[in-house]
Amino acid sequence: MARTNWPWTLLACVALALAPMAAWAHADPHPGGGFVAGLLHPISGLDHVVAMVAVGLWGAVLDPPALWVLPVAFPMVMAFGGLLGLLGIPIPGVEIGIAASGLVMGLMVLFELKPPLWLAALIVAAFAVFHGHAHGAELPAGSNALLYSLAFVIATGLLHLLGILLGETRRWPGGRRFVQGAVGVVALIGLLFLEQALR
Amino acid sequence: MIAPFAHLYATGFGPWADGMARLFLEPTELLLVIGLVLLALQAGKTCCDRLPVLLPVAWSLGALIGLTLPSELLLALPCTALLGMVGLLVALDVRLRPVLLLPLAAALALLFALVAGSALAGHPGALAALLGETVAMAVVSTLLCQSLAPPHPRWRALGLRVGGSWITAAALLMLGWLVRHPQ
């Protein structure tokens with residue numbers, strides 16, 4: 001069996017993580033395009049944050065295989081939506097779809113609904129396209145678009161991970177109540193955004 | 001890949017170090033290396049052992065040919081699409097046999113190096129820089145392939161697929177960006 005050398009792995013990961021920031025500092029004078037800008041973009045909008053955390057939470061509630069299908073499939077579907085946005089292909093009701101995503105997924109987790117995997121995947125994919133489309137249309141002009149895109153995807157993945165970790169607290173005493181409280185807040189925020197979008 | 005292709009990042013330690021730094025400052029090239037390493041990690045130990053040798057050899061060959069080209073190759077769109085394809089193979093956990101994966105890796109490294117070489121042609125210290133980048137590539141691929149060699153626990157296998165998914169997603173967004181802002 002191969003021996004895992006953790007210090008080296010850790011060192012390589014830290015180097016890889018820091019390198020793009022250096023690239024941002026050197027290569028791109030445009031403040032909108034770069035790794036840090038991409039990393040910050042998904043967490044700058046509360047509607048996106050709550051929806052991404054809700055996706056992770058729902059994955060945790062659904063258990064495997066949804067738990068591992070989700071983080072693999074979601075970024076690619078979201079990026080496909082982003083591609084549509086960048087190409088200027090319109091999708092009706094993007095803002096409503098984004099706002100509804102937090103509410104719908106919050107309620108799914110709150111009531112611990114467990115639809116078949118294909119249906120859950122379809123719901124999440126539809127919302128992923130809405131989120132991706134909105135963000136794709138906002139992708140700024142700059143020389144480091146790939147760094148920006150990568151950072152954007154990583155930040156979204158980390159929000160999923162946060163949701164999954166929050167969802168896993170259900171295994172602890174009192175964790176179920178905590179998760180229900182958290183998704184209650186998510187659903188409430190989703191409702192507020194939906195109300196604004198429908199105005 | 002776009003503007004950064006045209007120049008080296010001055011580290012202050014000469015062209016060799018500039019070339020080494022270039023691998024970490026060029027997202028396209030770094031993502032290609034990481035994507036191919038992830039593919040090799042999924043494919044098994046044989047690929048993990050051979051990729052760190054094959055990749056620098058193919059890269060240096062492509063870079064040397066690229067340096068002789070009369071003009072810069074503008075292949076950002078196909079290169080990004082190929083990068084997305086590598087990530088997709090990883091995300092889908094497609095376990096290629098060594099006879100398929102290794103020639104694929106060599107061909108991709110050769111193509112990307114051709115583009116890099118053609119971009120640096122005429123740049124003072126281009127040869128040293130490209131050799132420095134080759135060494136950095138060998139070090140990175142060796143470190144990753146050896147420290148993360150199979151067999152993989154379940155969580156790491158999932159982590160590899162997530163990594164591939166991120167590469168594909170970034171490449172998809174980049175493709176759209178390239179269409180919107182043509183070179």
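**View 1. Helix 3 and helix 5 of chain A run roughly parallel to each other.** In this predicted model, helix 3 (residues 46-62) of chain A packs on helix 5 (residues 94-110) of chain A at an angle of about 30°, and their axes sit 9 Å apart. Angles under 35 degrees count as roughly parallel, so this pair gets that label. The crossing of helix 3 of chain A past helix 5 of chain A is left-handed. On the helix 3 side of chain A, the contact is made by A:D47, A:V50, A:A51, A:A54, A:V55, A:L57, A:W58 and A:V61. Helix 5 of chain A answers with A:I98, A:A99, A:S101, A:G102, A:M105, A:G106, A:M108 and A:V109. Sort the residues in this contact of helix 3 with helix 5 of chain A by class and you get 12 nonpolar, three polar and one charged. As background for the spacing, an α-helix has 3.6 residues a turn, so residues three or four places apart point the same way.

**View 2. Chain A is built from eight helices and zero strands.** Start at the N terminus and the elements of chain A read α-α-α-α-α-α-α-α. Chain A has 199 residues, and 50% of them count as buried. Now take the contacts in chain A with a separation of 6 or more: 87% of them come from residues 24 or more positions apart.

**View 3. Helix 8 of chain A, with the helices that cover its buried residues.** Helix 8 (residues 175-198) of chain A has 24 residues and reaches 34 Å from its first C-alpha to its last, close to the 34 Å expected at 1.5 Å a residue. Its buried residues are A:V179, A:A182, A:V183, A:V186, A:A187, A:I189, A:G190, A:F193 and A:L194. The cover over these buried residues of helix 8 includes helix 3, helix 5 and helix 7 (145-168) of chain A.

**View 4. Helix 4 of chain A packs against helix 7 of chain B.** Here helix 4 (residues 66-86) of chain A meets helix 7 (residues 154-180) of chain B at an angle of about 0°, with axes 8 Å apart. That makes helix 4 of chain A roughly parallel to helix 7 of chain B. By class, the contact of these two helices has 19 nonpolar, four polar and two charged residues.

View 5. The 22 residues of helix 6 (residues 126-147) of chain B should span 32 Å at 1.5 Å a residue, and the end C-alpha atoms are 31 Å apart, which agrees. Buried residues in helix 6 of chain B include B:A126, B:L130, B:E133, B:T134, B:M137, B:V140, B:L144 and B:C145.

View 6. For context, most residues other than glycine have a negative phi. With 14 other C-beta atoms within 10 Å, A:E112 is partly exposed.

Terms used:
Residues numbered from 1 in each chain as written. Chains lettered and ligands numbered in written order. Predicted model: local features only at pLDDT ≥ 70, side-chain atom pairs only at ≥ 80, totals over all residues. Axes fitted to C-alpha atoms, helices over the stretch in contact; angles between N-to-C directions. Helix = DSSP H or I, 4+ residues; strand = E, 2+ residues; numbered from the N terminus. Parallel < 35°, antiparallel > 145°, perpendicular 65-115°, else oblique. Left-handed = near helix turned anticlockwise from the far one by under 90°. Contact = placed C-beta atoms within 7 Å. Nonpolar A, V, L, I, M, F, W, Y, C, P; charged D, E, K, R; others polar. Buried ≥ 20, exposed ≤ 12 C-beta atoms within 10 Å, placed from the backbone. Expected span 1.5 Å × (residues − 1).
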